[in-house]
Amino acid sequence: MPAFLTAEWRYLAMLNYAVDPALLTHLVPRGTELDEFEGRSYVSLVAFRFERTRLRGIWIPFHSDFDEVNLRFYVRRTVGGEVRRGVVFVREIVPRWAIAKVAQICYGEKYISLPMTHKVVEPTSEGGRIQMEYRWRHGQKWNTIRADGSGRPATPPIESREAFFTEHYWGYAAGVDNTVEYRVEHDRWRIWPAAQASFEGDMSGLYGAAVAGCLARPPDSALIAEGSAVVVHSGQKI
């Protein structure tokens, strides 16, 4: 499959919540099944920076660097003995209408555009402190993700919970009568355990009361990923 998009994903704040799988069953795309870690299903609220974005190698002015916030959960699909571990996005938020529309048309993803801001304080040394804040407005209310960590970032062990959240390399989107599958390539990410991480806001208008209720409590785990260059390949129907 040819590359559709290249970019860098940087400074990812990932807040992870264990949920009742019954909340997700109706969202699982055809041909996939829920993926679990140690018998538990998770959703992740993820905020990060898109940088140096290109569509089929073309730089588009004012649409290269931007924020994204998404809510996602984890699935798997077996193809010829290969287990493809992937993510399904419940909703993806970006600040520009054109970005949301391209993703809707090309992948069937549930993108919307909302006003967004961010503040990232990068470490001043390899073991320094990293702080980040991502905000977006839905209706008249601002929602905020904050995370900070310190120390030397490290690549997590392959069987760890942190690797489970950061190392799903396929995306799946449910269509009316099919599923779109696409591959995402990136290096394994170094991470910081988040010393503090929080979400403040009301997501019921975007996700409904049941899912929003899960996000109203502290996350079961949180991490900050350094990020890397990424390649998102064109999708195909399965």
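Two strands count as paired here if DSSP finds at least two bridges between them, and helices (H or I, at least four residues) and strands (E, at least two) are DSSP runs numbered from the N terminus.

Before going on, some housekeeping. This is a predicted model, where local features need pLDDT of at least 70 and side-chain atom pairs count only at pLDDT 80 or more, while totals for chains, interfaces and linings use all residues. Residues are numbered from 1 along each chain as its sequence is written, and side-chain values use heavy atoms, with hydrogens and water left out.

How confident is the predictor? pLDDT is its confidence in each residue, from 0 to 100; the chain has a mean of 92, and 98% of its residues reach 70 or more. Confidence is lowest in helix 1 (residues 97–107), at a mean of 78, and highest in strand 2 (residues 33–34), at 98.

Back to strand 11 (residues 179–186), which has other partners too. Strand 10 (residues 170–174) pairs with strand 11 in the antiparallel sense over five bridges, and the two form a hairpin with four residues between them. Within that pairing, A173 stands opposite V180. Strand 15 (residues 236–237) also pairs with strand 11, again antiparallel, over two bridges, and there Q236 is the bridge partner of E181. Six of the eight residues in strand 11 are buried, so the strand is largely enclosed by the rest of the structure. Buried means under 20% relative accessible area, with exposed over 50% and partly exposed in between (1.4 Å probe, protein chains only).

Now follow the side chain of E181. It meets R77 in a salt bridge, at 2.8 Å from N to O; the term means a side-chain nitrogen of Lys or Arg within 4 Å of a carboxyl oxygen of Asp or Glu. E181 lies in strand 11 and R77 in strand 4, so the pair ties together parts that are 104 residues apart in sequence. Both E181 and R77 are buried, and they belong to a network of salt bridges that links R77, E82, R84 and E181.

In total, the structure holds 17 salt bridges. Another one joins R52 to E8, with the closest N and O atoms 3.3 Å apart. Since R52 lies in strand 3 and E8 in strand 1 (residues 3–19), this pair ties together parts that are 44 residues apart in sequence. E8 counts as buried, at 18% relative accessibility. R49 and E51 form a salt bridge as well, their closest N and O atoms being 3.9 Å apart, and both residues are buried.

Finally, the rings. A search of the whole structure finds 11 aromatic pairs. Rings of Phe, Tyr and Trp (its six-membered ring) pair if their centres lie within 6.5 Å; planes under 30 degrees apart count as stacked, over 60 as edge-to-face and the rest as tilted. F50 and F66 have ring centres 4.7 Å apart and planes at 20 degrees, so this pair is stacked. F50 lies in strand 3 (residues 41–55) and F66 in strand 4 (residues 66–79), so the pair ties together parts that are 16 residues apart in sequence. F50 is buried at 5% relative accessibility, and F66 is buried with a relative accessible area of 6%. Ring pairs also link W9, F48, F50, F66 and W189 into a cluster.

Methods:
pLDDT = per-residue confidence, 0-100.
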